[in-house]
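Subject: Handover of a structure and notes on what was found

Dear colleague,

Please have the sequence and the model open side by side as you read.

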Amino acid sequence: MDSSYDVGLGNYDSIIRNVANKDSIKFWESQAHNIHWFEKWHTALEWNPPFARWFVGGKTNAAYNALDVITQKKPDKKAIIWEGENGEERILTYADLLQEVSKLANALKKLGVKKGDRVTIYLPMVPELIISLLACARIGAIHTVIFSGFSAKSIRDRIDDSKSKIVITADGGRRRGTVIKLKDIVDDAIKNLDFVEHVIILEHTHNDVKFTNKDKRWDELVGPMDVCCESEMLDSTHPLYILYTSGTTGKPKGVLHGTGGYLTHVFSTFKWIFDIKDSDVYFCTADIGWVTGHSYVVYGPLMHGATQVIYEGSLDYPTPARIWNLVSKYGITILYTTPTALRMFMKNGDDIPNSNNLSSLRLLGTVGEPINPKVWKWYFETIGKKRCPIVDTWWQTETGGAIISTVPGLETIPLKPGSAAKPVPGIHLSVVDDNGNKVKSDSKGYLVIENQWPGMLLTLWGDDEKYKAVYWSKYKNKYYAGDYAMMDTDGYMWLLGRADDVLKVAGHRLGTIELESTLVSHKSVAEAAVCGVPHEVKGESIIAFVVLKSGLLSDAQLKEDLIQHIRKTIGPIATPDKLYFVEKLPKTRSGKIMRRLLKAITQNEITGDVSTIEDEASIDEIKKAIAELSQTLKS
Ligand code: ATP
Ligand code: MG
């Protein structure tokens, strides 16, 4: 192991690991005492496979835990430091947040929202987004947040699926200097959806909006409301939210999360992973439209009374230095972002971060995709100056909170660039073959979770059968994560990409990330994606798509160099049959590479759901690259 990455925070707590290994249910029960309960549970876990219900009989409330608990102790502590894309600033203390949440909760009640009703939230990254989630939680309404970049059709599908009574939106949101007219999009989305009773509109960008008789202006509705609103005492198993997955592998799934178990998981993992201190300034770049935003922007940090920066716009707007300007301006100590964002920062060169003061940083995190070792090292060296541990957190919308990660708040272990390290306490994982048998160390297989954990989804909204089929039909009593992985001899986990994307070339199984990371390790490459297409002899042949670093031009020599680089690093088996240079890769709006789309385009068929693609132009660009290459081959 390379000891140069052994930076730790050093408050080792072996007791937690020991207890967790002995009896994970008892362990999670001990963790549940850290959150506030109006009434204690009688049963820690009811497990009617594959449905888990945690802390049954207990009564709690997510908004109470996120606001009242802290406000009683530190009302003036800053909860949110908000910066708009245009530079505007707002600060909200815990007391401010509690007051605003209570007012909106009262307004929702006035509109007839009851416990269990769904409320769709389609807002930009403004404090009112957090306020809306918590107002729902306070009265037991189920929130369902839709990322504010989605189109009318995507919103309509989700609102129709959840049958939301209320939609909360804004006149507009800022993205890269332009105003996206959110209210107009909502009007389009809810046409003829009669079950939507009201739309609440926050005035944010001050563009003109057309009002209908369903519409309520936020200020007029919420302004006069009482500043107190009792939290509902909700069953631990009461649904807190529905959230649709990113759509990387197919049609987004409506994941349903409960309350007491979810909060326990998020509370514990936030503390272990981010080692949160009262003095920290935390910044997670995820949009609240994704699960990372729910767990580690809203519930996790607020339950711990953290101060966090919320930023409205693009991290590279108006200049690529924006992210680093935020770090130095606010003295950010913990930065949690994604590999896709890091690859973009890296592509822009080192001068930009180097000309900003990043000395406040003490802990760095990543989530969403496997991080290429080269990108990890850049994060560690150029951003963290070799001082800051990196937490690579593997988890899913379905898992509610982190499942694999180093836990600097508990223990210091050596870091390995590109590995997410070990399961967090209370989680038992395996890597298995098609028959469910554990594979040997250093062998590839499918990642499964062996035990139940408190953050696990209740089901898929309105579709228990699909829930059973997607996660529980491949193996008996093991949660099938759908990711391909390897555990090394030290017990470290290496995530190798989506199980559906695994390449089978001449009897060998290759994970997409192994090939992509090898391409990215070449000095000219910024990003890469690979997919397999059927091949008569080999079973599958490898097709690679490469984005070069800024300013570099593609040529036949570079293509040959890259192919040789893969042959030398992995072996001739991994030689791509075709390699295309492109300007951008198709990604989901949450920034993940959509390999299934690459495969479909290469085979000249686009099937399945493409509603979550970020930029449709990337499809055309790839089609063009493929056509040009086949033209060159013919001539
Ligand atoms: P869909 O389920 O609709 O295809 P999705 O799986 O991308 O979308 P999410 O729940 O947002 O939706 O993402 C979870 C997935 O992201 C994981 O299954 C895994 O493939 C990937 N992932 C998340 N964090 C990491 C990480 N740290 N390392 C490797 N992969 C990660
Ligand atoms: Mg998924």
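This is a predicted model: local features need pLDDT of at least 70, side-chain atom pairs count only at pLDDT 80 or more; totals for chains, interfaces and linings use all residues.

Residues are numbered from 1 along each chain as its sequence is written, chains are lettered from A and ligands numbered from 1 in the order in which they are written, and side-chain values use heavy atoms, with hydrogens and water left out.

I begin with the ligand. Ligand 1 is surrounded by 21 residues (a residue counts as near if one of its heavy atoms lies within 4 Å), and the closest are Thr-245, Thr-248, Thr-249, Thr-397 and Lys-592. By class, this shell has five nonpolar, nine polar and seven charged residues, where Ala, Val, Leu, Ile, Met, Phe, Trp, Tyr, Cys and Pro count as nonpolar, Asp, Glu, Lys and Arg as charged, and the others, Gly among them, as polar. Strands β20 (390-393) and β25 (493-498) each supply at least two residues of the shell; helices (H or I, at least four residues) and strands (E, at least two) are DSSP runs, numbered from the N terminus.

Among the polar contacts (pairs of N or O atoms within 3.5 Å), an oxygen atom of ligand 1 lies 2.9 Å from an N or O atom in the side chain of Ser-246. A nitrogen atom of ligand 1 is 3.0 Å from a polar backbone atom of Gly-368, and a backbone N or O atom of Pro-370 lies 3.4 Å from a nitrogen atom of ligand 1. Of the 630 Å² of accessible area that ligand 1 has on its own, the protein covers 95%, as computed by the Shrake-Rupley method with a 1.4 Å probe.

Next come the salt bridges. Side chains of opposite charge can pair when their charged atoms come close. The structure holds 37 salt bridges, each being a side-chain nitrogen of Lys or Arg within 4 Å of a carboxyl oxygen of Asp or Glu. Arg-343, in helix α12 (residues 339-347), takes part in a salt bridge with Glu-369 at 3.0 Å, N to O. Glu-369 lies in the loop between β19 (363-367) and α14 (373-383), so the pair ties together parts that are 26 residues apart in sequence. Arg-343 also meets Glu-527 in a salt bridge of 2.8 Å, and that pair links helix α12 to strand β28 (residues 525-535), 184 residues apart. Both Arg-343 and Glu-527 are buried, a term that means under 20% relative accessible area, with exposed over 50% and partly exposed in between (1.4 Å probe, protein chains only).

Elsewhere, Lys-77 and Asp-278 meet in a salt bridge of 2.7 Å, although they are 201 residues apart. Lys-77 counts as buried at 13% relative accessibility, whereas Asp-278 is partly exposed at 47%. Glu-83, Glu-89, Arg-322 and Lys-329 are linked in a network of salt bridges.

Finally, six of the eight residues of helix α18 (residues 595-602) are buried, including Leu-597, Leu-598 and Ile-601. UniProt, in an unreviewed entry, lists residues 514-592 as "domain: AMP-binding enzyme C-terminal", and such annotations may be inferred rather than shown by experiment. Over residues 514-592 the chain is 27% helix and 32% strand.

With best wishes

Notes. A polar contact is a pair of N or O atoms within 3.5 Å; within protein, one must be able to donate a hydrogen and the other to accept it, and residues adjacent in sequence count only if both atoms are side-chain atoms.
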